[in-house]
Amino acid sequence: MPEHLHTDKELLRLISAGDETAFRSFFHNWQGRLFHYISTIIKSPQVAEEIVMDVFTKCWLGRELLPRIEHVEAFMFRVAHHRAIDCLRAASRSPQVVDLLWETIETAD
């Protein structure tokens with residue numbers, strides 16, 4: 001069945017069974033949206049890309065729980081938000097990273 005005929009919930013069910021094609025399709029559907037969202041929080045494209053990859057890694061590693069998700073969009077943005085905040089918290093403990101992030105934020109503005 002062509003991948004565009006699957007809803008996000010169907011893709012999550014397939015991913016939970018280990019379907020890598022469904023995972024690639026889900027990734028393709030969500031990667032750009034999450035990147036844009038995280039970029040508005042982090043202001044660094046490189047860090048945002050890493051966080052997006054982290055979100056999808058988390059989804060794959062916890063795939064057995066994916067069918068329980070009722071609201072896919074809310075779930076994806078919540079995970080992305082938490083990962084971005086975790087990144088900022090970790091960065092706040094590193095003076096070099098804080099300086100780099102401030103430089104990036106100032107350049108972005």
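1. Helix α1 spans residues 8-16, and its buried residues are Leu11, Leu12, Leu14 and Ile15. These residues cover an arc of only 165° around the axis, so they sit on the same side of α1. Keep in mind that this is a predicted model.

2. What covers that buried side? The cover of the buried residues of α1 includes α2 (20-42), α3 (45-61) and α4 (72-92). After α1 comes glycine 18, and its phi is positive, near 90°.

3. Now the charged pairs. The structure has 4 salt bridges. One of them joins arginine 33 to glutamate 73, with the closest N and O atoms 2.9 Å apart. This pair links distant parts of the chain: arginine 33 belongs to helix α2 and glutamate 73 to helix α4, 40 residues apart. Arginine 33 is partly exposed, at 39% relative accessible area. Glutamate 73 is partly exposed too, at 44%.

4. Aspartate 86 forms a salt bridge with arginine 83 (3.6 Å, N to O). Both residues lie in helix α4, 3 residues apart, or about one turn of the helix. Aspartate 86 also forms a salt bridge with arginine 89, where the closest N and O atoms are 3.7 Å apart. Aspartate 86 and arginine 89 are 3 residues apart in α4, so about one helical turn separates them. An α-helix has 3.6 residues a turn, so residues three or four places apart point the same way.

5. Arginine 83 is partly exposed at 26%, and arginine 89 is partly exposed at 49%.

6. Which residues form the network? Salt bridges link Asp54, Arg83, Asp86 and Arg89.

How values were computed
Residues are numbered from 1 along each chain as its sequence is written. This is a predicted model: local features need pLDDT of at least 70, side-chain atom pairs count only at pLDDT 80 or more; totals for chains, interfaces and linings use all residues. Side-chain values use heavy atoms; hydrogens and water are left out. Buried means under 20% relative accessible area, exposed over 50%, partly exposed in between (1.4 Å probe, protein chains only). Helices (H or I, at least four residues) and strands (E, at least two) are DSSP runs, numbered from the N terminus. The arc is that of the directions from the helix axis to the C-beta atoms. Contact means heavy atoms within 4.5 Å. A salt bridge is a side-chain nitrogen of Lys or Arg within 4 Å of a carboxyl oxygen of Asp or Glu.
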